[in-house]
Amino acid sequence: MRSREFLAERWTPRTVKDYFDSQHNNRISRKDFQITQPFDGCVMFRFRTIPDLTRAFFRMAEYHEGSRYRGTRPRAVTMSDFLDRFVDRQGQVDYFRFWDGFNITDRSFRAWLKSAGDLAQGEQIIVDEIKRRTGAAPFCIVGVAGDDPATQDHEIMHAMYHLKPDYRRAVDDLMDQFRTRSEYRTMKRVLKDRLQYGDHFDEEIAAYLTAGTQLGMVFGVNPRDWGRKFKALLHDHRPT
Ligand SMILES: [Zn+2]
């Protein structure tokens with residue numbers, strides 16, 4: 001049934017404007033993001049908006065995180081995966097409105113690139129910049145949208161954990177202590193049951209503790225002293 005109300009809901013002045021705008025202006029360009037190097041080996045892309053960030057990083061991140069955290073072999077997201085797992089029953093793709101930070105290791109970047117096929121425009125820009133800025137030495141790519149310091153700390157934590165063995169050891173030692181706490185068990189359960197992680201729980205818990213801002217909202221815990229300790233480790237080990 002096509003009632004007038006039914007159509008009116010879709011064709012509002014706003015949706016019509018967005019539709020025409022996006023037909024003419026759907027391309028990501030170099031002015032939609034900035035590139036910085038927070039420390040040696042870490043290349044950070046800071047996008048203005050979450051959808052542009054996600055369009056550039058989605059396939060790369062899912063190749064890496066999706067398989068890594070599910071404990072399965074890395075594999076590209078297929079169109080059927082996309083429709084079944086990422087589009088919800090309202091037709092929305094929350095991932096593209098919501099996820100504001102990514103980190104990709106050198107190994108995962110190279111493996112993804114081999115299997116990626118045709119690159120989307122945002123992906124091509126990232127690939128070109130990475131090839132220009134990195135060589136044989138280990139590197140890590142971080143992508144963020146906006147300027148939330150907690151998002152940055154979360155992703156830089158992952159990058160440093162990957163690139164700096166001293167920092168990784170210090171995090172692991174502190175995690176040995178935190179693992180005895182009830183908050184640890186709660187956080188692990190939320191990662192597993194609600195955020196669909198299958199592996200690498202400790203690194204992720206350490207990243208959330210380091211960022212410190214979403215503990216109450218996402219996990220319903222507030223281990224403030226531990227957040228401070230993990231954050232201090234990041235600042236102590238972060239090269240200036
Ligand atoms: Zn993380």
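The centres of domain 1 and domain 2, taken over C-alpha atoms, are separated by 23 Å, where domain 1 covers 30-147 and domain 2 covers 164-240, with bounds that come from an automatic or database domain assignment. The model is predicted, so that local features need pLDDT of at least 70 and side-chain atom pairs count only at pLDDT 80 or more, while totals for chains, interfaces and linings use all residues. Residues are numbered from 1 along each chain as its sequence is written.

Strand S3 (residues 101-105) has 4 of its 5 residues buried, a residue being buried if 20 or more other C-beta atoms lie within 10 Å of its own, exposed if 12 or fewer, and partly exposed in between, with C-beta atoms placed from the backbone. Helices (H or I, at least four residues) and strands (E, at least two) are DSSP runs, numbered from the N terminus. S3 pairs with strand S4 (residues 140-145) in the antiparallel sense over 5 bridges, pairing requiring that DSSP finds at least two bridges between two strands, and Gly-101 stands opposite Val-144 in S4.

In helix H7 (residues 121-133), the buried residues include Gly-122, Glu-123 and Ile-126. Seen down the axis of H7, the buried residues fall within an arc of 100 degrees, so they line one face of the helix, the arc being that of the directions from the helix axis to the C-beta atoms. The face turned away from that buried side carries the exposed residues Gln-121, Asp-128, Lys-131 and Arg-132.

In the loop between helix H10 (182-193) and helix H11 (201-211) lies His-200, whose phi is near 55 degrees, a positive value in a residue other than glycine. Most residues other than glycine have a negative phi. His-200 is partly exposed, with 16 other C-beta atoms within 10 Å.
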